[in-house]
Amino acid sequence: MKDLKIFSGTAHPDFAKRICSELGVRLSAARHYRFSDGELGLSLDESVRGADVFVVQPTCEPANDNLIQLWIMSDAFKRASAYRVNAVIPYFGYARQDRKTKPREPITAKLVANLLTHSGVDRVITADLHAGQIQGFFDIPVDHLTGMPLLASYFRDSLSEEIPKGEVVVVSPDVGGVSRARSFAIMLKSDLAIVDKRRSHEVANVSEVMDIIGEVEGKTAILVDDIIDTAGTICNAAAGLKERGCRRVFACATHAVLSGPAMERIEKSVIEKLIFSDTIPMPEAKRSSRVQQLSIAPLFAEAIMRVHSERSVSSLFDN
């Protein structure tokens, strides 16, 4: 078997360390630096010749720097004769630009996929892409993991004693997330509801609740999404659920982007608790008693070992 080497970019080194801890391997050595004009530099401090290399780098804020660093690292591994370069991207940025919604718009998710391939990446491991069809933008294998079982297990364990059976309803904050919410509802054996929202095509991150489809009165709602960015959608949906008689409102998502006014909105919202995975680092400024992170590193560690040993990754979700 080829040597297994795990490297980290500067986006989320703690996540890479958690993966290494799960696998019982050390984090491989690399030095990241900047030139005086801001350009990114890299020096690999050990040989990768013939090795199966996994580089952990979510493309979160600052997205452009983290993307370029990932391309630079991939190029370095390829030029250093690595056997295979696997990009482990817990959070795949630019995924929301996956189609043209109006004339003269770019499809940036496809551009990023192309540039990853051209930089030397042979395989991508990621979680909960904003749009599943982005897998088709790549001409290389993509292992698409999901944090939904991790989040569902939290609610199944934490709410089972305090909420009577049959009083939980899983809610999709928009029509586009119905499939995700339906799967989540099946895991919790609960009912499903959908928020019908209208999003502005003129201004990004602006939406309003139009109606709620499904029975929510007197129930405990769990809003489920893949990404929470400015928190406008999730907080508006929570307010709409309360207005229609929900007793309590919780929310969860795989990726805690939490940009701009997100934390202020969350603190003022009716959401009791927001649960995320740790695909994106959470600085102290974004920490709150209402926000909790669960580690998805064990899932990524298992996927990495399965890829390395040429075993099935999809069977991770058979149960």
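## Basis

The model is predicted: local features need pLDDT of at least 70, side-chain atom pairs count only at pLDDT 80 or more, and totals for chains, interfaces and linings use all residues. Residues are numbered from 1 along each chain as its sequence is written, and side-chain values use heavy atoms, with hydrogens and water left out.

## Overall form

The protein contains eight helices and 14 strands, taken as DSSP runs (helices: H or I, at least four residues; strands: E, at least two) numbered from the N terminus. Its C-alpha atoms fill a box of roughly 60 × 45 × 35 Å along the principal axes.

Of the 319 residues, 51% count as buried, meaning under 20% relative accessible area with a 1.4 Å probe, protein chains only.

## Aromatic pairs

There are seven aromatic pairs, where rings of Phe, Tyr and Trp (its six-membered ring) pair if their centres lie within 6.5 Å. Planes under 30 degrees apart count as stacked, over 60 as edge-to-face and the rest as tilted. Phe 92 and Phe 138 are edge-to-face, because their ring centres are 5.9 Å apart and their planes at 65 degrees. Both residues are buried.

Phe 155 and Phe 184 also form an edge-to-face pair, with 6.4 Å centre to centre and 75 degrees between the planes. Phe 155 lies in helix α4 (residues 148-159) and Phe 184 in helix α5 (residues 178-188), so this pair ties together parts 29 residues apart in sequence. Phe 155 is buried at 3% relative accessible area, and Phe 184 is buried at 0%. Tyr 154, Phe 155, Phe 184 and Phe 250 form one aromatic cluster.

Key
Buried means under 20% relative accessible area, exposed over 50%, partly exposed in between (1.4 Å probe, protein chains only).
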